[in-house]
Amino acid sequence: MSGDKKGKVWLVGAGPSDSGLFTLKGKYLLERADVVVCDKLIGRGVMAMIPDQAEIIYVGKTAGHHTVPQREINRILLEQALAGKRVVRLKGGDPFVFGRGGEELELLAEEGIPFEIVPGITSAVAVPAYNGIPVTHRDCCSALHIITGHRKASEEEEIDYEALVRAGGTMVFLMGVTAMGKICGGLLKAGMDKDTPAAILERGTTAHQRRVVSTVGKLPADSEKEGIKPPAVIIVGEVCALAERFHWAEDRPLGKMKIAVTRPRDRSSTLAEKLAELGAEVVLLPSVATQPFRENKRLREALDHTDNYRWIVFTSPVGVKTFFRTMKEMGKDIRSLAGISFGVIGEGTKKAVEEKGILVELMPEVYSGKALGELLARTVSKEERILIPRAAAGTEDVIIPLRKEGIAFDDIPVYDTLEGADSRGALWDETMDMAVFTSASTVRGFVKMNPQADFSSIRAVCIGEQTAAAARQQGMKVEISDKATIDSLVDKIREIAG
Ligand code: SAH
């Protein structure tokens, strides 16, 4: 390739884990990346922002064990940039806080590859914050030290504990779990009071974060008793005592819950947002994907004769999207729908219709095909005709009441529902506390995508009887929301969380 189309590398900090702590600039770049080169400790929520078409190269490092040597990582970055790619090098926390970010720039700088650096929120500050520990506070401290606890065996250079103790202030040790005894011992030997508050904070900013608040004298024993494992941050200083008053993250209604949401990607946001706002760690496991029909003769015919219809009824946002895209392809706009009334199955679909500049006149109280069908049967008169553009595998529930009442309708499939087809979704694992299902197809898709899972151990929270039946069939522990609405589903999850 000629030299004029050089790519570029963005060294991006992904934050400590909670995807809400990822920067806007980082997200913008990730969504436009050709290649993403990433480490192990990247939160799943951030990983889920990587677009389908981007290539992901894992160079995962775990403490002390470098899967891919630094030299090789540098070479990968160079090679991808030279191939003209937009490369995002994604690193946990901040790339320059014990992240070897600088080393990765050396080769790029040498070769004249353009790069940018996007700082991230470092775990050194965020993990204490999520545990109610401000790293500096009023009279407590005039200094904040961030120190690595992990020394290579070959490195003789020791931490200068005496200098640290003399300087005072808050000390945050990263990569310090295995060296904990040495760190606390070093501080005590340098003259630190053994009763100085100290804490270890495990898996900070996740639903399963844990904290042990103790003193420098007792922390190693207390931490071991609790079985604290990496990743964890050790923090030493008066500020640790504030956790008792300021803890908050785990106190939110769903603060201890890691929840898998299985809705299709394009529909998961309302549910996911509501759960996240209540403090849950949400993992997206989209278990079905929708695929609009490319050619749709029946829909085109219907659109050529819109005056046949008095009603158009949608049962999903994808249906709305596909309908209007076909209209546009045919050179039509909403003026050709004048005089037609619109019905929808629920809030999400209503929003999609209203975004087209059309007001919705009919929506059932509960989100279900049956309720929609019954409402239509009561509302629409026998002289009127309904157009229903919807999923090929749509439930009969919507149309049974119409048939019964002798109401004329055209049920036109406009997209397929592919179960278990989303390749970029995360997989189920035992760290998740529950899975939420909003249709029987999401249960089937989930089962297809997670053949390794022990379904009998999965707590499934379901909307509606049909969904619950599909989950029960797999032996899952099933709970059903009282009503077929997203809000009721969220209420049920809160109730389970206790
Ligand atoms: N560049 C990263 C730090 C890399 S070193 C940053 O700015 O955060 C890796 C160390 O960071 C881990 O050993 C641990 O001490 C800390 N760490 C990263 N994520 C963490 C988390 N979610 N909870 C607790 N500690 C974390």
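**Salt bridges and a sheet**

I began with a network of salt bridges that links D39, R89, K91 and E104. I keep in mind that this is a predicted model.

E104 and R89 join their side chains in a salt bridge, at 2.6 Å from N to O. This pair ties together distant parts of the chain, 15 residues apart: R89 belongs to strand β6 (residues 86-91) and E104 to helix α4 (residues 101-111).

Next I checked how many salt bridges the structure holds, and the count is 32. I picked two others from it.

K382 pairs with E405, with 3.9 Å between the closest N and O atoms. This pair also links distant parts of the chain, 23 residues apart, with K382 in the loop between α14 (369-379) and β18 and E405 in helix α15 (residues 400-405). K382 is exposed because its relative accessible area is 51%, and the cut-off is over 50%. E405 has a relative accessible area of 38%, so I noted E405 as partly exposed.

D195 forms a salt bridge with K194, where the closest N and O atoms are 3.7 Å apart. D195 has a relative accessible area of 47%, so D195 counts as partly exposed.

Then I turned to an open sheet. Its five strands run in the order β15-β19-β18-β16-β17, and the pairing is mixed. Which strands stand at the edges? They are β15 (288-292) and β17 (341-344); each has a single partner strand, so one side of each lacks a neighbour in the sheet. From one strand to the next, the twist averages 25°.

Strand β16 (residues 311-314) pairs with β17 in the parallel sense, over four bridges. In that pairing I found W311 opposite S341 of β17.

Two helices came up beside the sheet. Helix α11 (residues 297-304) packs on the sheet and touches β18 (385-391) and β19 (408-419), its direction making about 145° with that of β19. Helix α16 (residues 440-449) lies across β15 and β19, and runs at about 20° to β19.

My last stop was the surface. F98, V125, L144, I146 and M175 make a nonpolar patch of about 370 Å². I looked up V125 in this group: V125 sits in helix α5 (residues 123-130) and is partly exposed, with a relative accessible area of 35%.

Definitions and conventions: Residues are numbered from 1 along each chain as its sequence is written. This is a predicted model: local features need pLDDT of at least 70, side-chain atom pairs count only at pLDDT 80 or more; totals for chains, interfaces and linings use all residues. Side-chain values use heavy atoms; hydrogens and water are left out. Patches are made of residues with over 30% relative accessible area and no salt bridge: like charges are joined within 9 Å, nonpolar side chains (Val, Leu, Ile, Met, Phe, Trp, Tyr) within 5 Å. Accessible areas come from the Shrake-Rupley method with a 1.4 Å probe; for residues, only the protein chains shown count as cover. A salt bridge is a side-chain nitrogen of Lys or Arg within 4 Å of a carboxyl oxygen of Asp or Glu. Buried means under 20% relative accessible area, exposed over 50%, partly exposed in between (1.4 Å probe, protein chains only). Two strands pair if DSSP finds at least two bridges between them. Axes are lines fitted to C-alpha atoms, for helices over the stretch in contact, and angles run from 0 to 180 degrees between N-to-C directions. Contact means heavy atoms within 4.5 Å.
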